[in-house]
Amino acid sequence: MAARIGIVLFYILVNVVIGYWASRRVKNVGDFFIAGRKVGPWVSAFAFGTTYFSAVLFIGYAGKLGWGFGMNTLWIAAGNVVIGSLLAWMVLAKTTRKMTYRLDAITMPEFLSARYNWPLFRNISAVVVFLFLVPYSASVYQGLAYLFQQNLGIDYLWAVLLMSFITGVYLLMGGYLAVTITDFFQGLIQIFGVIIMIFLITLPVGGVFPAISQGLQPQNTPGLFAPGPVPGWLTLASLALITSLGVWGMPQMVQKFYSIRRVKDIVPATVISTLFCTLIAGGAYFTGGMSHLLLKANQIPLGPDGKVNPDTIVPLMLSLHTPPWFSVLILLIVLAASMSTLASLVLVSSAAVSVDLLGYRVKGEGADKKGVLILRLLCALFVGLSVVLAAYKISFIVNMMAFSWGALAGFFIAPYIYGLFWKGATRAGAVAASFTGLAIAVGIPVLVQVPGIPAARSPYIPVAAALAMLVPLIVMPIVSALTKKLPAEHVAMVFAAEQGEDDDDEAVIEPIAETGS
């Protein structure tokens with residue numbers, strides 16, 4: 001126990017030092033929120049990967065889905081790697097970096113407002129970000145507090161306060177630069193820990209490949225065609241789509257493309273990020289997929305009703321097949337994964353209010369000390385709000401996490417993607433697509449009821465979230481074809497940066513101080 005506490009305290013100290021170092025390099029809101037667009041490929045890639053995966057993956061999704069679908073969950077990992085990382089970087093990163101620099105946009109709402117020449121779009125988008133990201137961060141605090149309570153014997157409330165302190169200190173001091181640097185070290189911890197975890201967990205069955213062979217046996221791959229309100233294969237496909245394509249419309253993920261230093265840094269960042277996601281997602285879902293094989297082999301009792309609590313599956317497997325010292329590393333893996341996600345959620349939520357609703361930002365050259373102060377105060381406010389929600393253990397917050405990705409990605413994915421690549425995208429098309437996605441993600445679980453199951457726990461949530469991403473991609477081109485086009489001079493200005501740019505030097509892309517919105 002003393003060793004565990006000592007390691008956690010050392011981890012906190014490292015974060016504080018990084019926060020102080022980064023704070024000396026923050027001069028304006030752009031520095032605080034996107035590190036002045038000066039983040040290199042290695043740090044950008046690790047920031048993307050560590051924000052992508054949190055405690056939800058390691059403790060929740062991997063265990064619950066692994067128990068329900070066995071090795072079939074590796075299809076989700078494949079989607080995360082190919083669609084969520086490789087294609088996201090290949091398709092979106094370069095154009096996003098150039099266009100947001102050209103429009104001088106540092107947030108998703110700011111980009112949409114400038115792209116579609118409609119200031120109100122910025123305010124509406126900011127409200128959506130706030131509504132769905134703050135509860136998500138509260139649920140992550142809640143999960144981490146339970147982890148600390150079990151591993152370190154710390155009271156739940158004190159554990160929540162400790163988590164908020166760690167997040168708040170380095171985030172408030174150094175902003176996104178501190179987040180990215182800590183993400184790099186947290187990513188190294190995750191890589192080291194997952195490699196050891198895979199080795200230890202497969203040791204009893206002879207190694208990785210024998211484990212895969214045995215895990216693919218029919219008795220160890222249940223649930224795919226199990227009866228129920230939603231077929232298992234449809235749920236699995238929906239979850240793969242949500243956690244993969246959803247990345248393309250999540251503000252905290254897209255932010256990583258804004259901040260990268262140079263266009264030519266995107267290629268190495270793509271490779272690094274994809275390899276990182278392959279190891280982390282593959283390792284987590286592989287471990288969860290072995291749950292039937294390993295728990296049955298140890299004749300573990302599955303509870304009085306023959307069922308097992310999904311949240312206990314991965315910790316139980318690790319306790320059975322790893323030495324006691326490894327629990328410290330597992331604690332750090334989950335802590336590192338969750339802290340990076342939390343920092344990004346709090347930062348993006350705070351910017352939604354300070355930058356997009358209140359307008360505390362000076363565009364172009366010059367420091368905006370008041371804007372940085374407001375952004376720091378809002379970060380502290382949202383950390384505090386998340387702590388209050390987590391302290392009261394509001395069950396709806398945990399359930400909210402299940403469809404927050406669907407609601408956010410459903411709102412943003414179509415106007416963001418079409419806005420990057422299609423000159424014919426109209427304001428009406430973007431608005432119609434956004435509200436269609438939001439209505440599907442929230443409306444289906446509420447309107448399509450299952451007897452005895454509340455809407456927040458509806459089995460239709462994954463399917464609704466997947467549809468919320470796909471349907472807007474169809475709605476937007478149809479509505480855009482039938483509605484008034486944006487002024488030709490505005491469209492020419494937005495896409496002017498695509499001509500004559502030098503990939504090696506972003507300085508030739510002159511930022512536009514005002515976009516006409």
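Reader: Which residues is Thr 95 in contact with, once its neighbours within four places in sequence are left aside?

Author: In this predicted model, Thr 95 is in contact with Leu 420 and Phe 421, leaving aside the neighbours within four places in sequence. Thr 95 itself lies in helix H5, which spans residues 74-103.

Reader: What makes Thr 95 count as buried?

Author: The relative accessible area of Thr 95 is 18%, and buried means under 20%, so Thr 95 is called buried.

Reader: Why is the pair of Phe 411 and Phe 435 called edge-to-face?

Author: The ring centres of Phe 411 and Phe 435 are 5.7 Å apart, and their planes stand at 80°.

Reader: Why is Glu 110 said to form a salt bridge with Arg 122?

Author: The closest N and O atoms of Glu 110 and Arg 122 are 3.5 Å apart, and a salt bridge asks for a side-chain nitrogen of Lys or Arg within 4 Å of a carboxyl oxygen of Asp or Glu, so the pair qualifies. The pair links distant parts of the chain, with Glu 110 in helix H6 (residues 108-116) and Arg 122 in helix H7 (residues 119-152), 12 residues apart.

Reader: What makes Glu 110 and Arg 122 count as buried?

Author: Glu 110 is at 2% relative accessibility and Arg 122 is at 16%; because buried means under 20%, each of these residues counts as buried.

Reader: How do you know that Arg 261, Arg 262 and Asp 265 are linked in a network of salt bridges?

Author: Arg 261 forms a salt bridge with Asp 265, the closest N and O atoms being 3.1 Å apart, while the side chains of Asp 265 and Arg 262 meet in a salt bridge at 3.6 Å, N to O. These distances fall within the 4 Å limit, and Asp 265 takes part in both bridges, so Arg 261, Arg 262 and Asp 265 are linked in a network.

Reader: What accessibility classes do Arg 261, Arg 262 and Asp 265 fall into, and why?

Author: Asp 265 counts as buried at 5% relative accessibility, because that value is under 20%. Arg 261 counts as partly exposed at 30%, and Arg 262 is partly exposed with a relative accessible area of 25%, since these values lie between the limits of 20% and 50%.

Terms used
Residues are numbered from 1 along each chain as its sequence is written. This is a predicted model: local features need pLDDT of at least 70, side-chain atom pairs count only at pLDDT 80 or more; totals for chains, interfaces and linings use all residues. Side-chain values use heavy atoms; hydrogens and water are left out. Rings of Phe, Tyr and Trp (its six-membered ring) pair if their centres lie within 6.5 Å; planes under 30 degrees apart count as stacked, over 60 as edge-to-face and the rest as tilted. Helices (H or I, at least four residues) and strands (E, at least two) are DSSP runs, numbered from the N terminus. Buried means under 20% relative accessible area, exposed over 50%, partly exposed in between (1.4 Å probe, protein chains only). Contact means heavy atoms within 4.5 Å.
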